[in-house]
Amino acid sequence: MKKKIFVIIVLILIIGVAVAGFLYFEGTEKETNELEKKMDTASRDYFEKYISANDSANSYKITLQDLEKANQNGEEYDLKGLEKCDKTNTFADVTIDYKTGKAKKTQVELKC
């Protein structure tokens, strides 16, 4: 009888830990996606305003530091949540469309 109760308690603990772990990682992933979206949006806008598409490169690296400097110069990029991120290693690679000169795709790398 005691052995059955012990096994049930252990199973409940294992299930509880699994559910808590799932919820933690789900929340972390959601937060990461939100931060990546902020970097993506700000980087695309920064590219449109400050980078010439006439250069020969097919992608441009825009760092969190670049976006913060732009904010100091009057831009209003939403960078909340990125305060703890490395300023030079958190970046977005913006790939351009040669026909239009506009940002076609961004790949965000967070180092927080």
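Two strands count as paired when DSSP finds at least two bridges between them, and strands themselves are DSSP runs of E with at least two residues, just as helices are runs of H or I with at least four, all numbered from the N terminus. What follows is a predicted model, where local features need pLDDT of at least 70, side-chain atom pairs count only at pLDDT 80 or more, and totals for chains, interfaces and linings use all residues. Residues are numbered from 1 along each chain as its sequence is written, and side-chain values use heavy atoms, with hydrogens and water left out.

**View 1. Strands E1 and E2, side by side.** Strand E1 (residues 59-63) runs antiparallel to E2, and five bridges join them. Look for serine 59, whose bridge partner in E2 is threonine 95, and for lysine 61, which sits opposite aspartate 93. Lysine 61 also lies over the face of phenylalanine 91, 4.5 Å from the ring centre; a charge sits over a ring if NZ of Lys or CZ of Arg is within 6 Å of the ring centre and within 35 degrees of the ring normal.

**View 2. The E2-E3 hairpin.** Six bridges hold up the antiparallel pairing of E2 with strand E3 (residues 103-109), and valine 94 faces threonine 106 across it. Six residues lie between the two strands, and glycine 101 takes a positive phi near 75° in this hairpin. Of the six residues in E2 (residues 91-96), five are buried (under 20% relative accessible area; exposed is over 50%, partly exposed in between, with a 1.4 Å probe and protein chains only).

View 3. The three strands form an open, antiparallel sheet in the order E1-E2-E3. E1 and E3 are the edge strands, each pairing on one side only. From one strand to the next the twist averages 25°. Helix H1 packs on the sheet, touching E1, E2 and E3, and its direction makes about 135° with that of E3. Contact here is heavy atoms within 4.5 Å; axes are lines fitted to C-alpha atoms (for helices, over the stretch in contact), with angles from 0 to 180 degrees between N-to-C directions.

View 4. Rings of Phe, Tyr and Trp (its six-membered ring) pair if their centres lie within 6.5 Å, with planes under 30 degrees apart called stacked, over 60 edge-to-face and the rest tilted. The count comes to three aromatic pairs. One of them is tyrosine 46 with tyrosine 50: centres 4.8 Å apart and planes at 40°, so the pair is tilted. These two are four residues apart in H1 (residues 2-50), so about one helical turn separates them. Tyrosine 46 is buried at 15% relative accessible area, whereas tyrosine 50, at 43%, is partly exposed. Phenylalanine 47 and tyrosine 60 are tilted too, with centres 5.4 Å apart and planes at 45°. That pair links distant parts of the chain, H1 and E1, 13 residues apart, and both its members are buried.
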